[in-house]
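Have the viewer open as you read.

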Amino acid sequence: MQKNDQSILLRLFAETRFIPLVQNMVEQGSLAFGLEQAKTLRLTMAAEEIVSHLIETAAGVEINLSLSARRWCVVADFSFVANPSDLWAMNLVAKENVGAEKSLDHLGLMLASRMADGFSVRLEGKTVHLELRQDHAYPSIESQSIESGVFKGKLAILENPEPALIKEACALVVNTYPTYLTHQAFFTPGKVVDMVAEGDLSLVICMDEIGAIAGLISWRSPSEKSVSFSGPYVFAGNGDVAELLESHLLNYVSRTKAVSLFSDLATEDMTTQNYESLGHLDFMQADDQSMELGVWFRHLREDMGGAVWTHPSVREFLEKAYDRLVLMRTVRDVESAGESLPENSVFSARLRPELREVILTPMVVGANVDESVKRHVDCLIKDGYQNIFFNLDLAYGWQASMGGVLLDSGFVPKILLPHGGTSDVVVFQHV
Amino acid sequence: MSSLDFQQLVPAYIQSFEAYYPSLPDQDLMVTYGVDHLHRLNNNENALGPPPEVAEIVDAFPPKAVPVYPNGDCHYLRQKLADRFNKNAKQFLVGNGSCEVIGSVIKAFCEEGDNIITADKTFAVYEWVAEFSGFEARLIPLKDLGFDHRAMLDAMDERTKVLFVCNPNNPTGTYWDKETMDEFLDEVGNRAIVVIDEAYFEYVDKDDYPDGMELMERYPNVIVFRTFSKMYALAALRIGYLCGADDVVDLVRRTHIVYSVNTLAQSAAVAALSNDRPFIEATRAMVCDAKKLILATCDSLGLEYICGEGNYLMVKVPMSDTLMYRKLMKKGVMVRTMTGFRFPNWIRVSLVQQPVMEIFCQALTEVIEGR
């Protein structure tokens, strides 16, 4: 009988003799999952880097390695229970103090991240997850100039478009919209078909009476409490298309667990009165051209107010944002009062190499936080990352207390995401 | 004790169900929004109430009655209702609000694999109770803001057990006239139970509006819901009821919780029915005046609205309804956001006394004009 979950599991210890075992499992498993040879090789090398890193920094720790396939990618997840004093090693740019003011760099995770299409470090309770993602190789499409279409008859929303329609719609987006407003996956329509089939991306298409595609909107759920959309992409007609697409999305999310709706990539066709502007982020594109990306928000519930923490130096930014958004918050100051802190800071990281983007969030704020921030930034910039963000969840005083360090390290608070995490989240951008 | 993975104990339909979290208490909201008053225009309450006969009962309620259980099945109230509607007391079941009787009906008729049918933009509790009980809720899009009787009939199959018709519909205020209702009931036949929710019955003053109490004499599969929360202004006491044919109600009684309606609520409901005509007339006049004022304001601001039967209307605002909610709350006015009803950017406003309606219109105008 066919099982839904065909993950391959391996339990091992962080010891050198097991490296070939990991290599073989990742390589053979990835090939069995249909990952292409070159992609498999890179994922295998990345996995080897991770195990080597763990052998260096957490020798002997028990590791659970899971290799799983989604239609569009293969994911290798290394999980282990970390001793709090060993968490420092989970930094992308870990550095070990070896006495007499000497230190040793451990860049295994950084090396691994270079070989994967996606990489993340996260902490769930006491368990650390190091996750590598390698996408299948899909044929990509390039933008071609087309004439704007005209729709005929009544418009309707198609909720579950067939693959051929999805691919056609992706091509229309690529041909109609600038690259910076195009969902990255749309350049590989086959990947979109697989992501939709897997439930990792949702989209609906607006069709006219004779079956021509008039528009598209896509969305994903970055967390249980939030939904992020790209679009609406309109290929023909007027504001009716955008309104139909957005109404469908709003009606869909209105009775889900989502509390907030955010824009990932908001096009000019978006009906601005449906949302509240949160400001903009400055993105450096692959061609080194900078562009501003507006970020929009819609609260899906009646706001009951709440309390958040802030470092005093971020208070002014927050108060202005809350006042503009008419969000009732009690803002409480938090900063170091000389209490003892763990020696090392630990940041989780989510890397998107194709966008040269990294999002850091704190897992532990230690005594070396300022030095740790600087090391991360220096190393990431050296590695070509030009869009570096640091997110702080204001539900936690220990996270909010980092605000001052970030300001001193070249970050500026850019966006407040209401209910973007456990509470509101401030997005800092390195400038 | 070893840790237990509670998720393993929970049915999939509960795991995927999103709990409803009501608003915070008014006092807390006032502190949050920094206001010293809050006009409640969010729950379609009758601000004129309760009727004087009810006020006397509430004022005179003796503390010595508190330790004593209420009558388990609202004996005197059911008798009073039977007298009022020329039926027998066995035809009535009283619940802790009509939400409770929704659950009783669904539990009585549905089993695994069954479905209920209602509209997509209506009182959400029919859908919720079905879904968290493990039954499919088939939601039929409104047609011209009203229930689409043809589409509801088309959606029926052999596993359809209950059709819920909110008449008039909350929140659009539309209703099926006698002809439409007869046509629908004729076609349903005895294939399923039809619940006609008449929570706002007393607000409707139209000749072509069908009376469920009469319909059930011709259609034994009809169950009527009514409430004391809306017209009779007993919302805080939580009391509503259903009425149907003897044998149908006998089935529902098997799943219905007894002793759930408190003594004060039972007595107040009896009193509310004792001389309700003047109170109903006064309330209808209040609602009529309120409608005129709000519609004039909407017209002057160029705002679209939906205004039908009931003590509420809906206004489309040029921003997200949740932002409008926050802005109005800062001015001491609480309305209902309608995104959850699948009417994004609409707010629903309860129709109450003139001075409060004037405050609402002023606040709405200031928000629209950016003041």
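Predicted model: local features only at pLDDT ≥ 70, side-chain atom pairs only at ≥ 80, totals over all residues.

Residues are numbered from 1 along each chain as its sequence is written, and chains are lettered from A in the order in which they are written.

**Domains of chain A**
- An automatic or database assignment gives chain A domain 1 (8-137 + 338-430) and domain 2 (156-299).
- The C-alpha centres of these two domains lie 29 Å apart.
- Contact here means C-beta atoms, placed from the backbone, within 7 Å; by this rule, 17 residues of domain 1 of chain A touch 21 residues of domain 2 of chain A.
- On the domain 1 side, strand β20 (residues 411-417; a DSSP run of E, at least two residues) gives the most, with four residues.

**Nonpolar cores**
- A core is a set of buried Ala, Val, Leu, Ile, Met, Phe, Trp, Tyr and Cys residues joined through C-beta atoms within 7 Å, where buried means 20 or more other C-beta atoms within 10 Å of a residue's own.
- The largest has 125 residues, of which Leu43(A), Ala47(A), Ile50(A), Val173(A) and Val192(A) touch the most other members.
- Helix α6 (residues 239-253) of chain A, a DSSP run of H or I with at least four residues, gives the most to this core, with seven residues.
- Both domains of chain A give residues to this core, so it lies between them.
- Beyond neighbours within four places in sequence, Ile50(A) contacts Phe78(A), Gly108(A), Leu109(A), Ala112(A) and Leu130(A).
- A second, separate core of 104 residues includes Phe201(B), Val222(B), Leu328(B) and Leu351(B).

Definitions and conventions:
Contact = placed C-beta atoms within 7 Å. Buried ≥ 20, exposed ≤ 12 C-beta atoms within 10 Å, placed from the backbone.
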